[in-house]
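Q: Could you take me through the reading of aromatic pairs and helix packing, using the structure shown here as the example?

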Amino acid sequence: MKKLLPVLGILLILAAVVITAGCVDSNTTPKGEPTTLTISTTTSLYDTGLLDAVQDYYLKTYNVNLKITSQGTGKAIATAKNGDADVLLVHSPSQEKTFIDEGYGVNHRGVAYNYFLIVGPEADPAKISGMTPEEGFKTLNELGLKKTEGVVFVSRGDNSGTHSAEKNIWKAAGYNYSADIQGSGDWYKETGAGMGDSLTTAGQLNGYILTDEATFLTYKKNNPSSPLVPVISEGKSLLNRYTVMTVSPAKFPDTNVKDATAFTNWLISKEGQKFIGDFGKETYGKSLFTPMSTVKDSTLPPFNIDSTTPVTVPTA
């Protein structure tokens with residue numbers, strides 16, 4: 001009996017060790033604190049819920065917290081120029097080019113696209129349905145100046161990507177935007193607000209507005225009684241591409257270039273592109289954004305952006 005007690009004691013100790021070890025498994029072992037990647041982006045990406053979904057997935061899968069600031073593209077770019085972001089995710093080709101040419105952005109890649117729409121009252125008092133975007137704008141201007149009943153155009157007026165697209169259409173229609181359109185009468189209303197809020201204003205005024213398709217579908221789902229419907233949905237000037245870039249560490253050495261590089265490569269990867277392409281299908285029956293990977297060669301017009309070459313960590 002005396003010989004068995006020490007043996008029994010050893011066995012009990014071993015059993016305790018095994019039980020204790022079994023309580024610490026891979027599911028309870030902490031990953032460590034997530035890193036933070038700050039993204040400055042446009043309201044049309046955020047209002048749809050896409051970035052919320054990306055944020056949740058990316059934190060769970062890669063242990064990186066995406067801190068997202070949503071504004072019009074002009075303000076989003078200003079935020080990045082102040083060094084208050086690691087990544088810029090927007091949709092205004094001319095503003096993006098200036099940002100890069102001034103040395104603020106690197107690793108520029110295309111990630112997705114959809115189209116702008118001109119939406120308005122179902123009755124279409126201006127009778128612009130079936131016109132090109134330029135013809136439609138010209139008609140709205142002419143009827144608006146004549147104070148035609150029911151003809152109101154709502155503009156974001158916030159230097160966003162959508163506002164830039166609107167100004168490009170006015171230019172293509174033969175107008176000097178600042179001289180001919182802004183302040184030309186009560187028919188032209190500027191909200192200075194994001195896409196969702198501007199759509200709400202247009203709905204309240206029963207007016208026309210230029211919007212990206214994804215935000216409009218989200219708006220209609222949340223506001224089924226809105227009088228707004230697509231009026232013009234075809235035309236080269238309605239293409240709406242989304243791109244990503246890293247804020248240059250040469251300008252701001254504290255830029256989180258490691259996570260920014262990994263995030264960009266995820267967005268253009270098969271996994272990231274599938275995530276973008278799947279978003280919205282269950283709710284809307286279609287993708288809100290078309291992955292750039294569906295384009296045979298995005299470096300050619302009308303996209304003019306590399307969307308496939310992996311990026312490397314930039315140096316200061």
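A: We can begin with one side chain in this predicted model: Phe137 is buried, since its relative accessible area is 0%.

Q: Is Phe153 buried or exposed, and which pair does Phe153 form with Tyr188, stacked or edge-to-face?
A: Phe153 is buried, with a relative accessible area of 0%. The ring centres of Phe153 and Tyr188 lie 5.8 Å apart and their planes are at 5 degrees, so this pair is stacked. Since Tyr188 belongs to strand S6 (residues 188-190) and Phe153 to strand S5, the pair ties together parts that are 35 residues apart in sequence. Tyr188 also counts as buried, at 6% relative accessibility.

Q: Which residues do ring pairs link into a cluster?
A: The cluster consists of Phe137, Phe153, Trp170, Tyr175, Tyr177, Trp187 and Tyr188, linked by ring pairs.

Q: How is the packing of two helices read, and at what angle do H6 and H7 pack?
A: Two packed helices are described by the angle between their axes and the distance between those axes. Helix H6 (residues 133-145) packs against helix H7 (residues 161-172) at an angle of about 85 degrees, with the axes 9 Å apart, and that angle makes H6 roughly perpendicular to H7. On the H6 side the contact is made by Pro133, Glu134, Phe137, Lys138 and Asn141, and on the H7 side by Glu166, Ile169, Trp170 and Ala172. By class, the residues of this contact divide into five nonpolar, one polar and three charged.

Q: At what angle do the axes of H11 and H12 cross, and which residues meet?
A: The axes of helix H11 (residues 257-268) and helix H12 (residues 270-278) cross at roughly 65 degrees and come within 4 Å. Here Trp266, Leu267 and Ile268 in H11 meet Lys270, Glu271, Gly272, Gln273, Phe275 and Ile276 in H12, and the residues of this contact divide into five nonpolar, two polar and two charged.

Q: Which residue lies over the face of Tyr104?
A: That residue is Lys251, at 4.6 Å from the ring centre of Tyr104.

Definitions and conventions. Residues are numbered from 1 along each chain as its sequence is written. This is a predicted model: local features need pLDDT of at least 70, side-chain atom pairs count only at pLDDT 80 or more; totals for chains, interfaces and linings use all residues. Side-chain values use heavy atoms; hydrogens and water are left out. Axes are lines fitted to C-alpha atoms, for helices over the stretch in contact, and angles run from 0 to 180 degrees between N-to-C directions. Angles under 35 degrees count as roughly parallel, over 145 as roughly antiparallel, 65 to 115 as roughly perpendicular and the rest as oblique. Contact means heavy atoms within 4.5 Å. Ala, Val, Leu, Ile, Met, Phe, Trp, Tyr, Cys and Pro count as nonpolar, Asp, Glu, Lys and Arg as charged, and the others, Gly among them, as polar. Buried means under 20% relative accessible area, exposed over 50%, partly exposed in between (1.4 Å probe, protein chains only). Rings of Phe, Tyr and Trp (its six-membered ring) pair if their centres lie within 6.5 Å; planes under 30 degrees apart count as stacked, over 60 as edge-to-face and the rest as tilted. A charge sits over a ring if NZ of Lys or CZ of Arg is within 6 Å of the ring centre and within 35 degrees of the ring normal.
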